[in-house]
Amino acid sequence: MKFCSKCGAAVERRIPEGEDRERWVCSACATIHYENPRMVVGCIVEQGGHILLCKRAIEPRHGYWTVPAGFLEIGESAVQGAVRETYEEAGARVQVIAPYAHFDIPHIGQAYIFYRARMLAPEISAGTESLEVKWAEPADIPWAELAFPVVRIALELHTQEAKTSSYHMHTGILARDEASRYVLREHLALPLFHA
Ligand SMILES: [Zn+2]
């Protein structure tokens with residue numbers, strides 16, 4: 001951030017009075033421009049033991065695989081955003097059937113929410129943000145070509161649980177371990193009995 005969105009003057013980093021951390025503050029009108037984490041929402045779409053994957057046509061991670069997911073928009077719920085992203089990226093009309101995971105990534109200011117979903121109609125097609133969409137069974141998931149560690153961790157949990165249909169609602173924090181590999185910390189898993 002360089003300029004104040006309210007008056008156009010330059011902003012500076014400083015700790016506003018009564019606060020405990022640096023913010024972007026306007027040098028002219030003193031407006032504090034808060035920056036807060038952004039929410040990414042997506043679906044793990046299940047069908048006959050397969051899940052729906054998209055090959056990304058956009059940066060970051062062009063050419064890598066992911067589940068359909070994207071930034072939540074103002075005016076929609078997390079479920080609505082996940083359903084919308086699934087249609088935009090994979091051409092799939094889905095219904096959310098259960099929450100699956102809420103993973104925080106504090107160092108980049110993102111929170112991911114994944115839902116399990118089922119197809120409402122059989123069609124899938126690559127949207128403008130995808131090069132290709134496909135159904136993958138666990139053995140066919142391209143683990144080395146997944147776009148984001150958070151997706152890998154969600155799919156590792158999901159493929160493990162799919163073996164016995166014993167799904168949980170997961171929460172945790174994505175952080176790097178000593179070897180710089182992303183791992184899930186403070187992992188909590190609440191069993192879901194109905195789905
Ligand atoms: Zn200003």
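## Strand pairing and domains in a predicted protein model

Ala98 stands opposite Arg116 in strand E9. This report describes a predicted model, in which local features need pLDDT of at least 70 and side-chain atom pairs count only at pLDDT 80 or more, while totals for chains, interfaces and linings use all residues. Residues are numbered from 1 along each chain as its sequence is written.

### Overall composition

The protein has two helices and twelve strands. Here helices (H or I, at least four residues) and strands (E, at least two) are DSSP runs, numbered from the N terminus. Along the sequence these elements follow the pattern β-β-β-β-β-β-β-α-β-β-β-α-β-β. The C-alpha atoms fill a box of roughly 60 × 35 × 35 Å, taken along the principal axes.

Of the 195 residues, 27% are buried; a residue is buried if 20 or more other C-beta atoms lie within 10 Å of its own, exposed if 12 or fewer, and partly exposed in between, with C-beta atoms placed from the backbone. Among the contacts with a separation of 6 or more, 55% join residues 24 or more positions apart. Two residues are in contact if their C-beta atoms, placed from the backbone, lie within 7 Å.

### Two domains

The protein is divided into domain 1 (1-35) and domain 2 (38-191), with bounds that come from an automatic or database domain assignment. The C-alpha centres of domain 1 and domain 2 lie 35 Å apart.

### Pairing of strands

Strands of a sheet pair through backbone hydrogen bonds, either parallel or antiparallel. In this report, two strands pair if DSSP finds at least two bridges between them.

An open sheet of three strands has the order E1-E2-E3, with antiparallel pairing. Strand E1 (11-14) and strand E3 (32-33) stand at its edges with a single partner strand each, so one side of each is left without a neighbour in the sheet. Strand E2 covers residues 23-26, and Val25 stands opposite Ile32 in E3.

Strand E9 (residues 110-119) is joined to strand E4 (residues 38-47) and also pairs with strand E8 (residues 94-105). In E9, Gln110 is the bridge partner of Arg38. The hairpin of E8 and E9 has four residues between the strands, and in this hairpin Gly109 takes a positive phi near 65 degrees.

| Strand pair | Sense | Bridges |
|---|---|---|
| E2 and E3 | antiparallel | two bridges |
| E4 and E9 | parallel | nine bridges |
| E8 and E9 | antiparallel | ten bridges |
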